[in-house]
Structures are given as structure tokens and as C-alpha cells.
Amino acid sequence: MTKYAPNGTNGTNGTHGAPKLTHPLGPLSGDEIIQSARIIKSVWPGANEFHYKVITLHEPAKTESIPYLAAERAGEATPSIDRRAFVVYSFRGTHNLHEAIANLTTNKIERNVKLGPFTHANADGEELVAVEKFLLAHPDVQAEIAKLKLPTGTELVIDPWIYGSDGVKDKDGKFYDDKRVMQCFLYMRDPHNSGEADSCHYAFPLPISPVVDPAMLELIRIDILPMGLDEKVEPVAPWKPTPPSEYIPEAQPALRTDLKPLHVVQPEGASFTVEPFSELGQLIKWQKWDFKVGFNQREGMVLYDVHYDNRPLFYRLSLSDMAIPYADPRHPYHRKQAFDLGDAGAGIMANNLELGCDCLGSIYYVSGVLPGGDGQPVAMPNVICVHEQDAGILWKHTNYRTNRAVVVRNRELVLQTILTVSNYEYILSFVFNTAGDVVYEARATGILSTSPVDVDLTQAPHPFGTIVHPGVLGAFHQHFFSLRIDPMVGGHGNTVVFDEAVPLPRDPKLNPHGVGYTVQKTELTSSGGYDLDASRNRTFKIINPTTRNPVNNSPVGYKLMIPPMQPILADPDSFHFKRAEFADRSVYVTRFAEGELYAGGLYTNQSRGGTGVRSWAARRDSLAEGNPVVWVQFGINHVPRLEDFPVMPVETLRVMLRPVNFFERNPAIDVPPSRQEENCSVGLNGVEGKVTRLTLGGEEGKLSGCCASHGGV
């Protein structure tokens, strides 16, 4: 983490001493984080052992924000809206968890309550470090480790995991998950290279799993992990040597030498502009698009007030939640289920993105500020990168009569953030193009969360995972993402419908040859959960029935292009299913309600279910008022491959929001065609363009014309 510098520059871009701007939707500034903590302390005179788990913007009511944004866009005077912070905190050395709302405008507490025993806060980095240090020094843990008879000098690593839920008390009745605990998994570095801090410890999982109380720093028990094909547990035995499996480049026998440089060059600079709309919020304008970008502790990147050509599309867009339920039914793996946003936070886990590595080309970096456990601000440099990219052809037509081809390339604007969640990485992006499309893209990479298996079983099929290395099991698991869409397509007052293509019955007059089909529309009149149906081409759309297209009188709309997913496989009576309230349906639609931002509920750590989107949808609220929220679920069933280890090549998922009858014609018709004079492509086999010729003979690789000034290929 980086120390926060008030009124300074915490990222690549920015101006020292820039004037402070305030806005109802702007992220909390460092000074506001300090003020929030100070307000909390003021109601507890004499107390000084606070542990702040969350200090984030408490967004104003939508009924307040809408007129504010309208006045702002019209250049009129904006109404006054108080700034508020949502705060979750505890007292160190206790399990007492409190939730508060601090009014930063009046400097007063508006809400301050103690939460119940089954409501648990998120984990944080400070806590994880403390737990690892505590356990590695604990004599009971050391005693179990000693039974492994590891080589002298072996370095151990601990991954603390959220405990999960199963509703089961210990046999002695001394433990129940009414208290927040962590299940910890032990690994070691390559014992022959233990000084390498970046050694892939996931290649050496150990069968010892302590359970710890992170608030009290107390060891509750030590679980011994099953290493066979069933849940049978054997006493800890001496470790059997296995080889390492490293991902760092210097550990490879050789790296490829035949990849030549690939430069992304914009000689005239980027086509987008960025300006602050608040101290930490950014207003981005690009190719008729304009929107506000925020960044917070839980969701990470959030978009507000999205417009195209000054026409309203989306009030708020964010990744609402993630759930990763594991499929190994053996104790203690049966509880293994991560909610990476609710259990930790996308903002907390965001990478400091590096120029030329995570993003290529002409990059603008957006930085953030989040709270530390002491209530002081912590700078989060370069958590979002903004850049343009070529994405192939957007549209093309060749008139075969004249042989003239008109080609327009698909330019995209990408806003990307990358999360490191212990072993996994998620690359998350909002992508905009010149045809009015918005894409949310999730790419998964990183390292499998591994578990030990008897080396003698390496070549035996395992019922609950894939053997990815001698003595290493990569368990079957699912990844679920929930994208929250708060729409204002063509203005507020939207409706959600789905279209289905259905065959017409054979009819002597209407369909005598049996080839006809039509499209049927179904309007969703109440909240609920819905599935895709490829056999009927079921397509969900957000429409505005009061705003009509002047060409065909259809309501303007945006359709949702959602990748199919296998719903959660856990039994409906399981805690996996109950907790992952968004993992069973591809689409949920609810009526907007303040505070309902997270599909898995506000508190996911050791949650029991009943507080998320499935429960909200079950109210069957009427959608007649035209204020729906659409929750789009997508995901993968990850059956690990050998090729996923020691690090996994990215797997990509994309949800597209695409205009339907929103424009009067192709909105990208005015994008200039692709021209060799500008793109400076190079022919490698003698093909000539208007500017450049490059052959494999002679001065190979030498550029001419405009490209020579662009720095090469």
C-alpha cells in the first residue's frame, strides 16, 4: 500500500495541489475518510482501539441524484446534497461489529447500530498478515508441521480463507460460526530454493489446516486434510519429495527468442479526454460517449450517468458480486466458497497497473484512495487504466460491381482493472465502441487454489478434481459474476422484456411452405429470476415505452447478449446455494430499492443466505412504475486442466449491451474508413500499399513513409 498524500498526486496522472471538487457521486477523498473515522470516534469517548473494515461513500438517494445530474448536464444550478459515508467498524480484540452512516456535511452520526452474531465483516490485508505470522509461530501448528519432517530451511506460506458456512457445531459444542473465523491452508516453497520469495508454493500443498479467530488471534483447532479419494483422514506422515512447478520467467529452462516487438502507437495522442468531476472521480469523454468513473472499496470501478451523443443510457453500472463455490464435498473443503467482492473487496485487491505490461498504448491511469484499518487513507495508485484499442473490423461492404470496398475498423475504449485475490487474478473491463455497444469483460487467470493428494495417486482419476502436478489436486469449482445494470435507456421509466423466435404453424395461406417464424415479446411485470433459452433465441431487452424510434415507432432499447452458463450445481438446501443468491439464474430483475447494490447481500462473510437478489426478486414487486434493476449473471465451470498449472492462461467472458431501435441507422456510419495513410500497415510478402512497401529481402524490417516516424512495428 502507498501512503496517502493529501492534496497531492497519488497516481501517474494528476496535478499537485489541484483544487478540491465535490460531487454527490464522487468517491470519498482521503480527508473525508479521516473525517468519517473522527465522527465515529466522537460517539465513543475514551475508546481508541478501532478497527475500520469499511469506510466508503454512502450514495445519495436516486431521487436526489437524478435532478442533480439533470441540472448538471443542462449547465444549471445544482441542488445541495449532503455527503455521507457508510462505515463498518469493530473494536480490536472483540467480535463486536458496528455499522454507521456519518453525515460529512453536518459532521454528525445518522445511524450507528451493533450488528447481530451471524453478521460478519470482510477480511483485510492487515488481518491476513497477522494471522499468517501468528499461526506460523504457534506451538500446536509447529508440532503438526514437525510430523512432516520437512527439509531444513523450508519456508512455509499460509493462505487464510473465509471460513464459509455449514451450520454445524463442533462435536464438543465449543464452536459455532456465529463468530468470524478463517480456515487456513498451508503450503511451502520449493525446499531446494526456499529463498525465492516468488516460488510457486501452490505446487507444495500440505495436509495441515488451522482454523483461527482473526479478531482475537486464537487458534480454534487444526484440521488434518484428506489426501485420498474419499474423506478418510490419515495421521500426518513425513512429506514425500516432489518437484517444483514455477511460473516466474527466470525459473524456466529457456524463454522464446523469436517474438519481435509489437508497438501500439498513437502518434497524435489518445482520442479521449479525462477531467475530474470530483476530487477522485473522473469524467471521460470519447466518441460521443461520456460517463463518470468512480472507485470504491467493494466494487472497485463503478460507472455513473452513462450517455451516448447526450442521450441517456445507464444511471449506474458495476460488477455487483462474485461467487466461487468449490465442489469437493470432503471436510473442510465442503465450506470452501469465496465471495471475492463481499469477503474482501475489488477495490482493496486492485493492482497498481504497470505501463507497457497490463495495458498497452497511450494510457491514462486513474488512482483511488481507500481506508486502512486505522481509519487513515491509503493511496491506491493506477487502479484503472484507460486506453484505446483496435478490435478488428466494425463493418465492411464490397460492391462487387465496382469492386470498391468500404471498411471501418472497430475502435474501442477500454477501462480495465485487475484484482489479485490471493491465488487468482481477475482482469475486469468496461469496453465501449463507436457503434453504441457497451461490453463488460471478465478474464480469469492466476493460480489454482490447490490441495494435497497422496503422491501415489497422481495417475489415478480423482472424483473431485484434476491432478495438475505430483501430489497436487486442482478441485472442480464454478465462477459466477453478477453485473448490476441500473438503466435509463432513453430516459428513466424503463421496462424489461424478452423476445423469442418461434416457428409459425404450417398454414395454407400464411405459411404454406413451413418456413416462417415470428418474434414474440413478453413483458416482465414483476420481479423474478429468468433463464436463457437458446432453443427459442430468448433475448432480454431494456426498453423505454415512452420514447419511440421515429423510423419504425418501436420503443428505444438495449438488448443483453449474455453468455450461457451452467447454474450452480450445489444442492438447493446447501449453504453454497443459499449464499450464492445470484448463481442459479442468468437474469434477475428487481424493482429499484435503495441499498440493494450487492447480489449476494451486504455481508457475505459466513453468510447464510436470504439477504441477496434471489430474496429481493421473490418479493414479486410490481415493475409497473418503470424503475427496474437488471442483474446479469455469467460464469464458467472450471474443470482444471494440466495446462492451467502452474499459472492459468486467461479464460474470457463477455456480456454485451447493444442498441436495438435506439438509433435511426447504424450509429457508426460516420466513422472514417480505415486508410493505409493512417494505419501504416506493412506488407511482408511484397504487397504494396499507398505508403509502405516492405519485402523479406533487402533491408528487411526497414520502414518508409509515415511509419518511419511512428517508432516501428
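User: What makes Tyr424 part of a strand, and which strand is that?

Analyst: The model is a predicted one. In it, Tyr424 falls within strand E19, which covers residues 424–433. A strand here is a DSSP run of at least two residues, and E19 is listed as such a run.

User: Why is Tyr424 called buried?

Analyst: Its relative accessible area is 4%. Buried means under 20%, so Tyr424 counts as buried.

User: Which residues does Tyr424 touch, leaving out those up to four places away in sequence?

Analyst: They are Leu419, Ala444, Thr445, Gly446, Ile447, Leu448, His477, His479, His638 and Met648. A contact requires heavy atoms within 4.5 Å.

User: Where does UniProt place the feature "active site"?

Analyst: The unreviewed UniProt entry puts it at Asp340 and Tyr424. The two are spread over 85 residues of sequence but cluster in space, with a largest C-alpha distance of 10.1 Å.

User: Is Asp340 buried or exposed, and why?

Analyst: Asp340 has 7% relative accessibility. The limit for buried is under 20%, therefore Asp340 is buried. Asp340 lies in helix H5, residues 340–343. Its contacts, not counting residues up to four places away in sequence, are Met322, Ile324, Gly345, Met349, Val421 and Tyr426.

User: What does UniProt list for residues 262–669, and what is the helix and strand content of that span?

Analyst: The unreviewed entry lists "domain: Copper amine oxidase catalytic" there. The span is 3% helix and 49% strand, and its end C-alpha atoms lie 30 Å apart.

User: What is the strand order in the open sheet of four strands, and how are the strands paired?

Analyst: The order is E6-E7-E8-E9, with antiparallel pairing. Strands E6 (156–162) and E9 (218–224) each have a single partner strand, so they stand at the edges and one side of each has no neighbour in the sheet. On average, neighbouring strands of this sheet are turned by 30° against each other, direction ignored.

User: How do you know that E6 and E7 pair?

Analyst: Pairing needs at least two bridges found by DSSP. E6 and E7 (residues 182–188) have seven, in the antiparallel sense. Trp161 stands opposite Gln183 in E7.

User: Which strands does helix H3 touch when it packs on the sheet?

Analyst: Helix H3 (residues 125–137) touches E6, E7, E8 (208–213) and E9, and its direction makes about 130° with that of E6. Helix H4 (residues 139–146) also packs on the sheet, touching E6, E7, E8 and E9; the direction of H4 makes about 20° with that of E9.

Technical notes. Residues numbered from 1 in each chain as written. Predicted model: local features only at pLDDT ≥ 70, side-chain atom pairs only at ≥ 80, totals over all residues. Heavy atoms only, no water. UniProt positions renumbered as here; feature names shortened; annotations may be inferred. Buried < 20%, exposed > 50% of the residue type's maximum accessible area, 1.4 Å probe, protein only. Axes fitted to C-alpha atoms, helices over the stretch in contact; angles between N-to-C directions.
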